[in-house]
Amino acid sequence: MSVIRIQGLQRLHGEISIQGSKNAALPVMAAALLHSGVVVIKNVPGIQDVFCMMEILEGLGCRCCRDGHTLTIDTRGLCCWQVPEDEGRRMRSSVMLLGPLLGRLHRVNTCYPGGCSIGRRPIDLHLSALEQMGAKICGDEERVEAFAEKLCGTDIRLCFPSVGATENILMAAVAAEGITRIYGAAREPEIQVLCRFLETLGARIDGIGSGFLQVHGGRPLHDGEFTVPGDRIVAGTYLGAVMAAGGEVCLLDAPTDHMAETLCAAQQAGCMIEQKENRLFAKMNGRPLAVNLATGPYPEFSTDLQSVMLAVSCVAQGESWIQENVFEERFATAGELTRLGADIRIEDGTAFVRGKYPLRGNCVQAFDLRGGAALVVAALAAEGESQVHDCFYICRGYEDICRDLTAAGARLSFEGNERKYEENTA
Ligand code: UD1
């Protein structure tokens with residue numbers, strides 16, 4: 001069992017270094033499989049999802065060597081197309097292996113991916129795109145199996161800009177013969193990162209950053225070195241912490257170019273933001289102002305920061321609403337926030353919040369990664385002690401949330417002899 005204990009109502013003051021991005025590092029690790037050789041990836045966060053992906057890659061025959069935040073992956077020994085069941089189920093990103101394994105070994109067998117319980121997470125868009133590129137898909141309710149003697153470039157139209165599907169298509173397209181065009185591609189910054197990484201290995205991709213991507217497949221790949229950018233969701237979480245607790249914090253290496261909506265929401269809530277080179281200063285006096293938000297695909301407000309902003313809204317002055325448009329079950333955290341004294345009503349995918357301050361300390365439970373972090377944020381604005389149980393979810397994506405917030409003067413600590421999330425098979 002793992003618990004974070006938080007003593008609330010401490011104003012924050014200090015400096016926090018922002019870790020490398022989880023959602024960028026994981027597809028980059030998967031994409032390394034496309035090439036037989038050695039890739040060096042820098043600024044890889046030390047989080048459970050990365051460790052899980054390393055275990056999967058090793059199970060497939062690769063060698064992974066981690067030295068601090070630098071990860072070297074030697075993919076020359078890749079020989080297995082069967083993604084290990086336990087690790088595959090543990091995290092959503094195992095689905096990222098479909099494209100690269102099909103491309104390199106022409107075959108893949110994996111279970112349906114796990115991850116947080118934030119709603120239905122089908123992979124129909126991934127599978128249909130791979131079929132259009134020539135893969136034969138079979139399997140049962142438990143596992144997906146796909147074969148492709150050769151993948152062929154084609155035109156693919158996504159009816160929704162799915163991040164994971166865009167990433168899988170990109171990776172398969174690099175290995176495919178001919179040109180693949182993706183219409184309606186996701187534009188999340190992590191897609192751009194994956195494209196840049198693939199280019200580093202020798203791929204050619206047009207339209208990077210736009211909703212139309214064109215991949216010139218079949219080019220020879222080579223070894224490469226790449227640096228993962230800072231995590232915009234972690235940076236947004238710590239901005240949320242400043243808004244809830246008040247104070248003045250400097251975030252180092254936050255990827256501000258890709259945080260426009262988050263910074264805008266923070267400013268609307270009354271947070272003063274200033275940027276100097278790689279430093280983002282955030283200052284919050286008094287309680288946040290109420291802000292209304294609707295989540296959506298990038299560049300709209302990120303669903304990953306919805307729970308954190310919900311926590312901030314709970315202590316805001318006045319009433320606000322947050323509409324969730326991406327993952328239908330992402331309001332699971334609302335019930336736990338209520339246990340901290342928050343006033344939230346959920347109706348038709350929208351949370352209506354009446355702010356009050358302070359919240360009151362209590363024992364609450366994390367149900368998913370970002371929701372768990374949001375509970376920590378809310379507890380910073382709660383009187384007395386709070387405990388966030390099952391915080392192994394948080395360790396999936398935050399290197400050390402206690403270390404980081406302690407560096408900014410918060411009083412919180414992690415308890416438990418494992419930071420793993422073995423139990424998370426959701
Ligand atoms: C990625 C991120 C996650 C983020 C999400 C949306 C990673 C590891 N995870 O998840 O943190 O919250 O993008 O920004 O990068 N959908 C389908 N069929 C599919 C695929 C998706 O219906 O085949 C639906 C999903 O159920 C969901 C929506 O599309 O409602 C968005 O999913 P998607 O963009 O694919 O998110 P992920 O790649 O899973």
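Modeller: Let us begin with contact, which means heavy atoms within 4.5 Å; a helix is a DSSP run of H or I with at least four residues, and a strand is a run of E with at least two, both numbered from the N terminus. The model is predicted, with local features requiring pLDDT of at least 70 and side-chain atom pairs pLDDT 80 or more, while totals for chains, interfaces and linings use all residues. Residues are numbered from 1 along each chain as its sequence is written, and side-chain values use heavy atoms, without hydrogens and water.

Colleague: Which residues of helix 8 and helix 9 meet?

Modeller: Gly236, Leu239 and Met243 in helix 8 meet Thr262, Leu263 and Ala266 in helix 9. By class, this contact has 4 nonpolar, 2 polar and no charged residues.

Colleague: Why are helix 8 and helix 9 called roughly parallel?

Modeller: Helix 8 (residues 232-245) and helix 9 (residues 260-268) pack at an angle of about 0°, their axes being 11 Å apart. Axes are lines fitted to C-alpha atoms, for helices over the stretch in contact, and angles between N-to-C directions run from 0 to 180 degrees. Angles under 35 degrees count as roughly parallel, over 145 as roughly antiparallel, 65 to 115 as roughly perpendicular and the rest as oblique. Helix 8 and helix 9 are therefore roughly parallel.

Colleague: What makes helix 8 and helix 10 a packed pair, and at what angle?

Modeller: Helix 8 and helix 10 (residues 306-314) pack at about 5°, with axes 9 Å apart. That value makes helix 8 roughly parallel to helix 10. Gly236, Thr237, Gly240 and Met243 in helix 8 meet Val308, Met309 and Val312 in helix 10. The contact has 4 nonpolar, 3 polar and no charged residues.

Colleague: Why are strand 4 and strand 13 edge strands of their sheet?

Modeller: The open sheet of 4 strands has the order 4-5-3-13, with mixed pairing. Strand 4 (63-67) and strand 13 (224-227) each have a single partner strand, so one side of each is left without a neighbour in the sheet. Neighbouring strands there are turned by 15° against each other on average, direction ignored.

Colleague: How do you know that strand 4 and strand 5 pair?

Modeller: Pairing requires at least two bridges found by DSSP between two strands. Strand 4 and strand 5 (residues 70-74) have 5 bridges, in the antiparallel sense, and the partner of Arg63 is Asp74 in strand 5. Helix 2 (residues 48-59) packs on this sheet, touching strand 4 and strand 5, at about 150° to the direction of strand 4. Helix 7 (residues 189-200) touches strand 3 (38-42) and strand 13, at about 160° to strand 13.

Methods: Nonpolar A, V, L, I, M, F, W, Y, C, P; charged D, E, K, R; others polar.
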